[in-house]
Each structure stands twice: as C-alpha cells, then as structure tokens.
Amino acid sequence: MGGNQHLRSDLVSAPLQFGRFFLPGPTEVHPDVLAAQTGPMIGHRGAAIHDLMARIDDGLRPLFLTERPVFVSTSSATGLMEASVRNGVVGGRVLSLVNGAFSSRFAEIALTCGFDVDAWEVTWGDVHSPEQVADRLAAGGYDAVTVSHSETSTGALQDLEAIASVVDQSEETLLLVDSVTGVPGLETRTDEWRIDFILTGSQKALALPPGLAFGVASEAMMDRSENAPGRGWYFALDRLMSELVKNQTPATPALSLLYGLDVQLARIAEEGIENRWKRHLAMQERTIEWIEEMKEVGVGIDTFAVEGHRSPTVTCISMPDGDGASATVAEMLDRGWVIGGGYGKLTESTIRIGHMGDHTVDELDPLLAELGDVLG
Ligand SMILES: *Cc1c(COP(=O)(O)O)cnc(C)c1O
C-alpha cells in the first residue's frame, strides 16, 4: 500500500516543480520543511515541548532583532492583528494608517472590536509621511497607531523606522505593526526602533505553511495589556507571556507546524538574516529592472507602488490599460507558473509577484521571461 492513498488527487492535480510558485502568500515551502511536519505527536506539557519551544524562541528573536520573547500564536496573522488592538487599546482612539487592503483590514479590526478609529487613507501605492503622522498625533488622545509595514496589496513599503520614531515621541501612543510580508524578508529592528507590537505570519517571507503567527510586544505594550478590558482569553498577551517564559502555551500548540518551524529556523540561521534581506532586495531589484525593460519594448505595464517606497518581498504590477489581470494569471498557470492576481479593488488592474521566502533570482528569472512572453 502506498503511503499517499488518502491524498485528494484533485488537490494535488497540478504538481509544480519547486521554484514556480510565486504567490505573495502562501509562499513555496521547502521539501525538508514539509517533511518535518510528519513527526509524531508529543505531550504539550513535558520536557520535549520545552526544548522545542526554547529552540524556537532562540531562532525567532534574530528575525525580529529583539531580545524579548517571541509569541507563537496558533492562528493566521490576522489573529495577532486583532490581538494587538485588543491588548493595546484601552479607551482612547486608534489612528489607522491606510494605504491598501491589509492596512484597511487593520482599521476594520479595530472598529469591529468596538474602538473609535480614525482611518487615514492615502492613495493606494503611496505611503504616509512621518511628519504628517507627527502632526496628527500632536492633537493627543490616541492609544495606538496601526500600520502595515509592507502593504501586500500594493507592494508599498512604509518608512517604519521614521514612523516608529515619531510615535515614540508620544507617551500615550503605542505603535502596532502588521509586518506580515516584512519580517523576516527585510530589515526590521524591533528593539532599536522601539516598536510596541509587531507581528508576522508563517506563510509569507518565513516560507512555512499557513497557520502560525509571531509577535513581539514591548514592555509598554505588556503594561497596557494588563489594563485592557476587552483582551479576552485566547489572545491575552499577559496570559500568553506567563506561559511563554516557561516555554509553554496556554492552549494546545500546532505541533506539526512547530516541527516545520524548527527546521525552517535552522535553515534561516544557516543563511543568516542579513543574507536573507539581501536576497530579497536582489529579487526586488531584478523585478523592477524587468518592468523597465518591458516598458522600453512597449509593454504598458508599470510598478504600482511609488518609487523609493517599494517592498523587497512583493511587487504589484499595473496592467496595460488597467485590465486583464485574471487572464494573465490563468495563462501563466497553464504554462506551469503561479503568480498573484490583484487584491481587493485592484483585482483586474494589477498582478503581483511574491518574490519572497526561499526563492532566489535564479528562479525568478525564468518566471519573468515567461511572464514577458505572456504580456508581450
Ligand atoms: C497576508 C497578510 C495578512 C493576513 O494574514 P493571514 O495569515 O491571512 O491572516 C495581513 N497583512 C498583510 C500585510 C498580509 O500580507
């Protein structure tokens, strides 16, 4: 009997070779990481989980450049976005910096948690000016600012260091950061930039299967959390922290995903975090260079995000005449390549390439050649 007789053939009917899957999440997962997930179950209160969690914490801290413990949440990244507002907002207002679909979701989460939200939207593809953020905060009354570091729907990269420095000037205001397509694909200095809460997901630049989220909270965030009346149970940071420091979790952890994470953290440590950032920058550079080459030969595409504020992990490309994205994605799939369509209101007018996770320029080049053929 084969070991795979229960695999749904309809779900695996399009086996792609490694290096052809360029969605901006989930991203392609290395076979060693996939295989690690088949390990046997262990009790989640014994010595074995203790060792595993300790090793995972050691591996995660360098990705965030933090000395603080890293929360491992059994949820997708959105779970920790919700956790951040439930723990970080106690009665004041929330200033949500909106420049795309995910930063807009962050505002909506705060709103549906019952908070008073000022959603400050700029043109999609653009970013917020730190000086203007400072002006807004000067009026006072804000418990928190929410921001999406790398806005995956547009490929725009906020100047997180500058925004963090501005928010740090305001005693009462915490900075809550969705870095789901940021960490660990680009330089993010959690402690040095004095970020109050930052989260990422497993299935983007970490190149793991979906289902886990990771976050770091400052001391100010932990203090705030203890007084947050609506923090609930599952996502209460004080409860998570009291178990985390004992290398445990309040509820049953997703053991199989942790096995994969353990292997992936070793792979990332071997590469080195700075090399990982460099590899992502190289892929971004190549993609934007290619867009310029296409423009020179008369293909009417362009980079969607404004120059100087583009994410190293994802490039959003505007389509010729603002149309035809889904047909392009389908044609690429027919040829054995997966790229992302547009997101939200950009569904038909843009396509997206997730050049993140474990990919390299060597795998990106043939993708761009194929895409050039489809568009040209
Ligand atoms: C993917 C993504 C999310 C949502 O993550 P889930 O894991 O699907 O909950 C949030 N923010 C950004 C910027 C993302 O790219």
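**The shell around the ligand**

Mentor: Start with the make-up of the shell. Its residues divide into four nonpolar, six polar and three charged. Keep in mind that this is a predicted model.

The shell around the ligand holds 13 residues. Which of them come nearest? They are Ser 76, Thr 78, Thr 152, Gln 203 and Lys 204. In the side chain of Thr 78, an N or O atom is 2.4 Å from an oxygen atom of the ligand. For Ser 76, a side-chain N or O atom is 2.5 Å from a ligand oxygen. Lys 204 has a polar side-chain atom that lies 2.7 Å from an oxygen atom of the ligand. Now consider cover. On its own, the ligand has 390 Å² of accessible area, and the protein covers 90% of that.

Which helices supply the shell? Helices α3 (77-88) and α4 (101-112) each give at least two residues. The most comes from α3, with three residues.

Strands β8 (174-178) and β9 (197-201) run parallel and are joined by three bridges. Asp 178 has Leu 199 in β9 as its bridge partner.

The loop between β8 and β9 has two points to check. Pro 184 sits in this loop. The peptide bond from Val 183 to Pro 184 is cis, with omega near 0°. Arg 194 is placed in the loop between β8 and β9 as well. Arg 194 is not a glycine, yet its phi is positive, at about 60°.

Now turn to another sheet. Five strands form it, in the order β1-β13-β14-β12-β11. This sheet is open, with mixed pairing. Why is one side of β1 (21-22) and of β11 (302-303) left without a neighbour in the sheet? Both stand at the edges with a single partner strand each, so one side of each has no neighbour there.

The partner to look at is β13 (338-341). Two bridges join β1 to β13, and the two strands run parallel. Phe 22 stands opposite Ile 339 in β13. Helix α12 (361-375) packs on this sheet and touches β1, β13 and β14 (350-354). The direction of α12 makes about 160° with that of β14.

Finish in the loop between β1 and α1 (31-36), where Pro 26 lies. The peptide bond from Gly 25 to Pro 26 is cis, with omega near -5°.

Key
Residues are numbered from 1 along each chain as its sequence is written. This is a predicted model: local features need pLDDT of at least 70, side-chain atom pairs count only at pLDDT 80 or more; totals for chains, interfaces and linings use all residues. Side-chain values use heavy atoms; hydrogens and water are left out. Two strands pair if DSSP finds at least two bridges between them. Helices (H or I, at least four residues) and strands (E, at least two) are DSSP runs, numbered from the N terminus. Contact means heavy atoms within 4.5 Å. Axes are lines fitted to C-alpha atoms, for helices over the stretch in contact, and angles run from 0 to 180 degrees between N-to-C directions. A residue is near a molecule or strand if one of its heavy atoms lies within 4 Å of it. A polar contact is a pair of N or O atoms within 3.5 Å; within protein, one must be able to donate a hydrogen and the other to accept it, and residues adjacent in sequence count only if both atoms are side-chain atoms. Accessible areas come from the Shrake-Rupley method with a 1.4 Å probe; for residues, only the protein chains shown count as cover. Ala, Val, Leu, Ile, Met, Phe, Trp, Tyr, Cys and Pro count as nonpolar, Asp, Glu, Lys and Arg as charged, and the others, Gly among them, as polar.
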